[in-house]
Structure formats: C-alpha cells, structure tokens
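Me: I'd like to learn how to read a protein structure, one feature at a time. Can we go through one together?

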Amino acid sequence: MLSLYQSCMLTYTVFLLFVSVVKTTESAPNWNTLNETVGGRLHKAKPFSSPCFPDFDGISVPRNKAACKIIEDNYLNATYRSSQFGNFMNTQWESCMSTSAQCTLDSSDPSDSLAWTELPCDQGSIAPYYIDVQNYKDVQAALAFSRTTGVPLSIKNSGHDFLGRSSIIESLGLWTRNLDQISYNASFVPVGGSQPIPAMTIGAGVPWVDAYSFADANNVTVVGGYSETVGASGGWIMGGGHSVLSPTLGLGVDRVLEFKLVTPDGEYRTANAHTNVDLFWALRGGGGGTFGVVLESTSMVEPREIPLQVASVSFNSTTETGLQFLRLLTNNSLQWAQEGWGGHLTSSGFISVTPLLTLEEAQASMQNAVDFVQTQNGTVVIETLPSWFAFFAKYTIPAQTAVGSADLAASRLIPYSLFETQEGRDSFIQLVTSLPGSFLEIDVVTPFLYNATENSTSVTPAWRNAVWHVLMGSEFVWNSTLAEKVAAFEFTNNCTAGLISIAPNSGAYMNEANVYEPNYEQSFWGGNYDRLLAIKHRYDPLGLLDCWKCVGWKGVDDSRSRCYPRVD
Ligand SMILES: Cc1cc2nc3c(=O)[nH]c(=O)nc-3n(C[C@H](O)[C@H](O)[C@H](O)COP(=O)(O)OP(=O)(O)OC[C@H]3O[C@@H](n4cnc5c(N)ncnc54)[C@H](O)[C@@H]3O)c2cc1C
C-alpha cells in the first residue's frame, strides 16, 4: 500500500513524463488570440521609468520630459508604484541583476540625469505582456496559454515581494490590482459550513489602506499589515501575514476563512475548512504564486471599537545610546509580550500598541523606556486611541517604510527562550555590534498570545514560539556593478548567518526573508514542507507556477532564475 506522499510522487513522475511530451508539442505564442480571449485586456508592459530615458532596448526614442517629471516626483511613492504594472517596491526586481539590464533612476535623487545618460533603458525583468485580470476566466485563459506555449507565468499584485517572486523575466504577467471588490457580511458562512461569522471578503488587488477604511466605515476591524500598499489577499495572506495586532489577534493565516482561486489545473475552486481542505491548509502559509491564482479571500473581523494603548518614543541615538536602548528592549521583551504589545522597534525608538492594558497599566509598563528616552531629550507619547483605524491614520501612515531603492533583507524569528537568559540577550546585542553596516528593524508581530489551533496552518511553527521578527541587511544603488551587488548580497548572507547562530532552531518569515536563505524549506515551513510539496504536485502537476524558493521551486538552473546573480 502506497502512502499519500508516495502516491503523489508517483503521480508527479507520470506527469513529468507527460510534460516532456507536451514540451515537444508546444506551439508559438499567439498574443492576438490571447488578447481576444481576455476581452482586450492583454497589454504590453515597459519599465515605468522608460519615459525618462533617450533609448529603449538599444533603440533611440525621444525622452518624454513631462511624463518623466511625474515619475521623478513619485519615484519613492509606494501608492504610485503599486498603481502600475511595470514597477516594484524594490527596484532590483525591475532589473535583471545578473546582466544589469535595467531602467532605473537614482533613488537618492530621482532627478539625477546621470541615471539616464550613463546607463541605457532595458526591459530588465519586467514581463513584456500582462493581463489586467478581472475574473477567473482570465486566469484560466492564461494558464491554458502557458500550458500550450511554454511561456512562464508571473502573478503580480502590489509588487512588494522581498524575493522578487512577482517579477519573472519574459513571463506573461497576471496583474490582480484591479480585483478591487470588498464586502462585509455579518453572518458569513463558508461554503459547506454552517456556522455564521462576521467577515470581510477582499479582492486580490485591494491594498490594506482600502480594506481598513472600508472596515472602519462598516464598524469592524480587519487585522492586516503596517504598509498601506501591501495587498490584503495576495502574498501577504498566503505567506503568513503579520500585523502589530498579531500578538493578540493572530496572523493573517489564522484569521482567513475562505479563498476563491483558480488552481494551475484550470479549475475555479473554493478552499476552506470544509471544501478542498488540503489546499486551504497549503494556502495558509505555503506562499503566493504556488498553489493557484487567488481571486479573493474572506477573513473574520472584530468589532470596530478596540481601545488601543499606544506608546510612541523616539530620540536621536548615538552608537552607544542606541545599544543601551537595545539592551533595554531585550530586557523588557518578555514582559511586554505577556502584556500584548505589538510594534516596530529600532535602536532610536518604537511605536507599540496593545489592546490588553488600561492607560495607567500602559504607562507603568513603559516607565523605564520613557525614563531612558527622556534622559536623551527624546519625545514620548502614551495615549489611548479608540480603534485600529485611528491608530493606523495617526501613526502608521506617517511611518511607512521607504521604497524605490534596492534593499536586501535578512530575517529571523527570535524565540522567547533567547530572552529568558542574560546569555541569550547578550548574544543579540553582540550580533548587532558585529554587523555595523546593517540596518536593524525589530517587528513585534508574532502571534505570541494568540491561541492558534495546532497544525491548522502551514507557516513554520517557529512563529508560535517567537517574540520578535528581526530584520537586518543591506542595499545597493542604481549604478552598482555586478561585483558590488554580489558583495551586498554576501553581507546580507552574513546577517542571516549571524541571526541563525543566535536562534538555530527557529525559522524565518518567507515573505520578508533573505533571497539566498540557506535551507529555505526548513526555514520557511519547518516540518510542513513535505506535505506542502505533495499538495503542490497534486494541484500543479505540470509545474506551471514556479517562483524563487517557493514550494516545489525548480531551482537556479531554471530560466526563470537567470536574473538572480550567483552568490556563494
Ligand atoms: C514596504 C513593505 C512593507 C511590508 N509590510 C508588511 C507587514 O506589515 N506585514 C507583513 O506580513 N508583510 C509585510 N511586507 C511583506 C509582504 O507581506 C510581502 O512582500 C508580500 O509578499 C506582499 O504581497 P503582495 O501580494 O502585496 O505583493 P506581490 O509582490 O505582488 O506578490 C507577492 C507574492 O505573492 C504572489 N501573489 C500575489 N497575488 C497573488 C494572487 N492573487 N494569487 C496567487 N499569488 C499571488 C506573487 O506572485 C508573489 O509571489 C512588507 C513589504 C514591504 C516591501
């Protein structure tokens, strides 16, 4: 008798044979026919900075100064970037890093003319064609097209992916941005279920800022990310989905009730706790771009009025006072975790929030941080806000992460056990001091107090024991040479090695990880990987969807990977 895993592998092997036959019978892409099938919504795509350049793909073209001025003015603007297909939050995903084919402005000064006089404008890794997806039939048409022509597919929502998985060179892009419907149902019943629950259904192109304002207008709270422009129903929710409310209200994968998607075999499906249960489990942590193209997700909501205590402190740090502050943060982390605080911390301040304390309790909880910051002549606010939306509008929108540059991340989920001993806490400080060129961001966003049902999601179990999600890393600039890019990646790899050395048995958040994460299957999914792979093979036997370090990834030798530089 074969086990489920063995029978899936056998089926997969048979399909691989089938694929090799299909490959020999692939037909040439007929873009006109595809365009007709999708109602004229197939478009040609160019890098969004191309109007600034006097050339494109080796041919002279006149610069469009007026269009270029708009691009320069909005180069660092996440809302502008996410409103168009041909750009990404981190500029390396618009370029082909390994060949330096790109069309990139200078992030430090987007009006710097050197960027368009010294280097030419190339297509880079931007998909040359994309479909403006508006319904499941568009996705079915794209999958059928890829199956018969061999043209690879990419799926792009907001373009925030840290590993460049929404940008695949010479692919047919599926742009979900205009799947922008949102609805609220006070008695949502998942297909096949019977228990009504208040929930919001959110289309696959909706950014968090729209979901939050819709929720507020409907007197509910939906739990989501810090960034306004990250998509609510794309990579965020399929890869885990953290929030500063996650310590008490769980990750995105803990709260989702249902997905509607087209799986790579072309079927339009519902996945929830009653229907396509295995797929539902895989979609709750297995990652975007892997198990299908999601059209919408439905997540449970909370009442609008959740009084939140907010602590916002900041000061001008030096290397020495920054380290003193980090020591204070490590010493307080377990107490703050028990009190439900979530937030974003740095060596010069933090914005944290908890729904569990009164104002007086919050003031007492934060007293030693307040004392320290006041001795540094910093600023302190501790206050009560009536709702998530009030917090988001006042604190989150002004604190958005910079975009429009080539940032590289290394990250690790840091378990509570590290904070229990002086030795553990010291190891974190030593790590930070040993990597002086790195940025440091500490996201307190793990579901520390959330009572998750065991094995109900496929994220790495490391999330459940962690207190911090720590990010470090590096960057490169518009005219960096290949050697300089590789050096930036190598430095980022050193950050990852350091983070692994202090938390060897933990994991990493697949959505905000190192491009060259070692042993990524274990890091991103722990013991869940084999089951995820079996489900991947069941729904995508031809491997039509593939992306960098995703479940079932075809590896560095696949042509989709050719823009990632080889880094040892
Ligand atoms: C500035 C910034 C802030 C961030 N803040 C947070 C945060 O607060 N919390 C957090 O958890 N993460 C955060 N992230 C990380 C974020 O979760 C990931 O980048 C995530 O992958 C974004 O998903 P997206 O769909 O918006 O982006 P995209 O880059 O468009 O897509 C990401 C991945 O999902 C796939 N995908 C997208 N849509 C679909 C779909 N409909 N069906 C199937 N696959 C799809 C893509 O192919 C790609 O693999 C942040 C990232 C950045 C750059």
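Me: Let's start with the disulfides: how many does the structure hold?
Reply: Keep in mind that this is a predicted model. To spot a disulfide, look for two cysteine sulfur atoms within 2.5 Å of each other. The structure here holds four disulfides. One of them joins cysteine 96 to cysteine 563, with an S to S distance of 2.1 Å.

Me: Where do cysteine 96 and cysteine 563 sit in the chain?
Reply: In distant parts of it, 467 residues apart. Cysteine 96 is in the loop between α4 and α5, while cysteine 563 lies in the segment after α21.

Me: And is that disulfide left-handed or right-handed?
Reply: For that, check the torsion about the S-S bond: for cysteine 96 and cysteine 563 it's about -100°, so this disulfide is left-handed.

Me: Okay, helices next. At what angle do the axes of α12 and α17 cross?
Reply: Roughly 150°, and the axes come within 10 Å. Angles over 145 degrees count as roughly antiparallel, so that's how α12 and α17 run relative to each other. Their crossing is right-handed.

Me: Which residues make the contact?
Reply: From α12, it's Leu323, Leu326, Arg327, Thr330 and Asn331. α17 brings Arg425, Phe428, Ile429, Val432 and Thr433. Sort the residues of this contact by type and you get five nonpolar, three polar and two charged.

Me: Last one: which feature does UniProt place at residues 123-304?
Reply: The unreviewed UniProt entry puts "domain: FAD-binding PCMH-type" there. Over that stretch, the chain is 24% helix and 27% strand, and its end C-alpha atoms are 45 Å apart.

Notes
Residues are numbered from 1 along each chain as its sequence is written. This is a predicted model: local features need pLDDT of at least 70, side-chain atom pairs count only at pLDDT 80 or more; totals for chains, interfaces and linings use all residues. Side-chain values use heavy atoms; hydrogens and water are left out. UniProt positions are given in the numbering used here, feature names are shortened, and annotations may be inferred rather than shown by experiment. Helices (H or I, at least four residues) and strands (E, at least two) are DSSP runs, numbered from the N terminus. Axes are lines fitted to C-alpha atoms, for helices over the stretch in contact, and angles run from 0 to 180 degrees between N-to-C directions. Angles under 35 degrees count as roughly parallel, over 145 as roughly antiparallel, 65 to 115 as roughly perpendicular and the rest as oblique. A crossing is left-handed if the near helix is turned anticlockwise from the far one by less than a right angle, and right-handed if clockwise. Contact means heavy atoms within 4.5 Å. Ala, Val, Leu, Ile, Met, Phe, Trp, Tyr, Cys and Pro count as nonpolar, Asp, Glu, Lys and Arg as charged, and the others, Gly among them, as polar.
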